[in-house]
Amino acid sequence: MSIRVALPIKALLIVSALALSACRNPDRFADGTGGTNGANGAGGLGTDGVSTAGLGDPSNPKSVAYFNQSVGDRVHFIVDQWTLTDEARGTLSGQAAWLKANPEYAIIMEGHADEQGTREYNIALSAKRASSAKNYLVSQGIAASRIQTIAYGKEKPIALCSDETCYSQNRRAVTVLSLGAGT
Amino acid sequence: MLSPSFRPALYRHEDRMTRSHSLARILGPLALCLGLLNAFAAQAEEPHITFDTPVIEPMPYAVPDFVAEGGGAGDAAHNIARVVADDLTGTGLFREIPSGAYISGIASFDAPVAYADWQAINAQVLITGAVQASGNKLVVKFRLFDVASGAPLGDGLQFAGSAKSWRRMAHKVADAAYSRITGEGGYFDSRVVFVSESGPKDARQKRLAVMDYDGANVQYLTDSKAIVLAPRFSPTGDRILYTSYASGFPRVNLMNTANLSTQVLDEQPGSMTFAPRFAPDGHTVVFSLEKDGNSDIYTLNVDSGALIQLTDAPSIETAPSFSPDGSQIVFESDRSGAQQIYIMPAAGGEPTRLSSGKGKYGTPVWSPRGDYIAFTKIGDGRFYIGVIRPDGTDERLLTASFLDEGPTWAPNGRVIMFTRESEGAAGSATLYSVDISGRNLHQVTTPGAASDPAWSPLLP
């Protein structure tokens, strides 16, 4: 992960995890592995929806926090594009290596867009971004069955201003880990 | 008997119509407001006003409080007249003469109208009405008069309904008046489904809500647990399509407005669905389906479940909208390298590119009248709402701002509502309305931030 915003990453991730858990279908959650907390304090997993994983200790290389902060959980895109930059490929290669070493995690690949587009187009564009990142991980040996993609369009910005300093952070694909890859 | 109006200036001289002299005189200035016909323009009092004149003179009218016939109708008699006035004045085409200027009032619904008193205050149109209340029921009667010629404009009408529906009866009075004066269909007795927004930009809460076209009677249809986007009414207004993230992934949902029950359409694992709209038949839904990152356009028959793929391209295909006759679909695609608008046959097939200007074009929506397609344009860092004819001519931009998007048509195809979002970290979304001549741009009242409006058909 090269450039980082000053905002505390952990806080962001917690917010993100809360938001995701709000989307979880409670029935599916009940059918999942809820209640069994892994070594990293992971939560339950839905069979089809979104799931959460505890962050753990960022100094532990097997923790989700380490993945998020040290490996880097996200890659960025140039305006209206979904092809991966060299920097993005580097980050994703690091992710692939970590995921091989930690096969118990499944992946939700979130695609996002900045606000400079219409709503439907941005969903389609962010689907292409999520898919680009997923395909790169697969090309690096990660099983496609471990990765689900979600297109959020411009619905979940993390940087709020209306200029390129924020837009460049919002055009992203984020690798969200959850326990239960079923491997 | 009246023809389509709101005709753009370029086409104004092509139509000639015959009409009663008194009606034409009433319509004259209004016809100009709407960019209408030179048959009327020739008779207008100010013949040099043209469509391009930036300032227009709205038609002066009077709508005294309706007559309360019997006890218990006094409030309704006043309130209904006020809603009629709000509807008509809100179009930007009419100017109400305040009651303080009246020389005489309307003491009885059936008494002869003192035309001279209304002529003296320059009213061109007079609307009179009466309200009877009995128990939980209201009966509303109204008449419309051409003041200058001293004659009624059409026959009187009567509406009956529950006391609760007094606003709807007022909208029906205003629709009848608007329709008789402009020759256009009405649109006041209609509803708008939209996304009600709250919370900061990075934790936006979104709920589906529905309201009268003027912002009254807001009802919420979903809670804010899941992101919901872009609701659309069925052709009869009995169902609403929308995109929900309730499953964790964007999926097209169908809600029955009578009982708010919902079902997910076409739940295929590993795919996402979004941007739904009904076909005019009310049984077919057209939408985008995403697989392996690629979005194409499909139709689904909601009765049989039959799924048909209409486009098959590696580019983005989304935002489909049927023509009102059901024969064609307009949609957006970036197959040329940037977002542009295309039209294809309803069963799929080779699309024809519609948009040709600089910039990107998206969210095309076919007018219920078929004569225009509304769109969002992006260029030079600004967003615009515009209209274009289905043959690609007569493109006009109606609005411009930091972020305007997602037009929806009023049932009469002459007014457009859309989302306008403000800039910056505190930016929020509001609903705006504009008519297709580009006039009368104004914000629509909503209880809070709001986006993604979709107009219902005219209510029965």
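**Figure 1. Overview of chain A.** Chain A contains six helices and four strands. The model shown in this and the following figures is a predicted one. Read from the N terminus, the elements of chain A follow the order α-α-α-β-α-β-α-β-α-β. Chain A has 183 residues, and buried residues make up 54% of them. Among contacts in chain A between residues at least 6 apart in sequence, those that join residues at least 24 apart account for 69%.

**Figure 2. Packing of helix 3 against helix 4 in chain A.** Two packed helices are described by the angle between their axes and the distance between the axes. Here, helix 3 (residues 64-72) of chain A packs with helix 4 (residues 86-101) of chain A at an angle of about 145°, and the axes are 10 Å apart. The crossing of helix 3 and helix 4 of chain A is right-handed. Helix 3 of chain A contributes A:Tyr66, A:Phe67, A:Val71 and A:Gly72 to the contact, while helix 4 of chain A contributes A:Thr91, A:Gly94, A:Gln95 and A:Trp98. Sorted by class, the residues in this contact between helix 3 and helix 4 of chain A are four nonpolar and four polar, with no charged residues.

Figure 3. A:Leu137 belongs to helix 5 (residues 119-139) of chain A. Is A:Leu137 buried or exposed? Its relative accessibility is 0%, so A:Leu137 counts as buried. Apart from neighbours within four places in sequence, the residues in contact with A:Leu137 are A:Leu92, A:Gln95, A:Ala96, A:Leu99, A:Met109, A:Ile142 and A:Ile147. One of these, A:Gln95, also takes part in the contact of helix 4 of chain A with helix 3 of chain A. The C-alpha atoms of A:Leu137 and A:Gly94 are 9.6 Å apart in space, although the two residues are 43 residues apart in sequence.

**Figure 4. Overview of chain B.** Chain B comprises five helices and 31 strands. Of the 460 residues in chain B, 58% are buried. Among the contacts in chain B with a separation of 6 or more, 45% are between residues 24 or more positions apart.

**Figure 5. An edge-to-face aromatic pair in chain B.** A pair of aromatic rings is described by the distance of the centres and the angle of the planes. Over all chains, the count comes to 18 aromatic pairs. One of them is formed by B:Tyr61 and B:Phe94, which are edge-to-face, at 6.0 Å centre to centre and with 85° between the planes. B:Tyr61 is located in strand 1 (residues 59-62) of chain B and B:Phe94 in strand 3 (residues 94-96) of chain B, so this pair ties together parts that are 33 residues apart in sequence. B:Tyr61 counts as buried because its relative accessibility is 1%. B:Phe94, at 2% relative accessibility, counts as buried as well.

Figure 6. The rings of B:Tyr213 and B:Trp455 form a stacked pair, 6.5 Å centre to centre, with 15° between the planes. Which parts of the chain does the pair link? B:Tyr213 is in the loop between strand 9 (205-212) and strand 10 (219-220) of chain B, and B:Trp455 is in strand 31 (residues 449-455) of chain B; these distant parts are 242 residues apart. With a relative accessibility of 12%, B:Tyr213 counts as buried. B:Trp455 has a relative accessibility of 7% and therefore counts as buried. One aromatic cluster is formed by B:Tyr178, B:Tyr187, B:Phe188, B:Tyr213 and B:Trp455.

**Figure 7. Asparagine residues with positive phi in chain B.** Most residues other than glycine have a negative phi. B:Asn122, a residue other than glycine, has a positive phi, near 70°. B:Asn122 is found in the loop between helix 4 (115-120) and strand 4 (125-134) of chain B. The relative accessibility of B:Asn122 is 56%, so this residue counts as exposed. B:Asn440 likewise has a positive phi, near 60°. B:Asn440 is in the loop between strand 29 (429-435) and strand 30 (442-444) of chain B. At 27% relative accessibility, B:Asn440 counts as partly exposed.

Note on methods
Residues are numbered from 1 along each chain as its sequence is written. Chains are lettered from A and ligands numbered from 1 in the order in which they are written. This is a predicted model: local features need pLDDT of at least 70, side-chain atom pairs count only at pLDDT 80 or more; totals for chains, interfaces and linings use all residues. Side-chain values use heavy atoms; hydrogens and water are left out. Rings of Phe, Tyr and Trp (its six-membered ring) pair if their centres lie within 6.5 Å; planes under 30 degrees apart count as stacked, over 60 as edge-to-face and the rest as tilted. Helices (H or I, at least four residues) and strands (E, at least two) are DSSP runs, numbered from the N terminus. Buried means under 20% relative accessible area, exposed over 50%, partly exposed in between (1.4 Å probe, protein chains only). Axes are lines fitted to C-alpha atoms, for helices over the stretch in contact, and angles run from 0 to 180 degrees between N-to-C directions. A crossing is left-handed if the near helix is turned anticlockwise from the far one by less than a right angle, and right-handed if clockwise. Contact means heavy atoms within 4.5 Å. Ala, Val, Leu, Ile, Met, Phe, Trp, Tyr, Cys and Pro count as nonpolar, Asp, Glu, Lys and Arg as charged, and the others, Gly among them, as polar.
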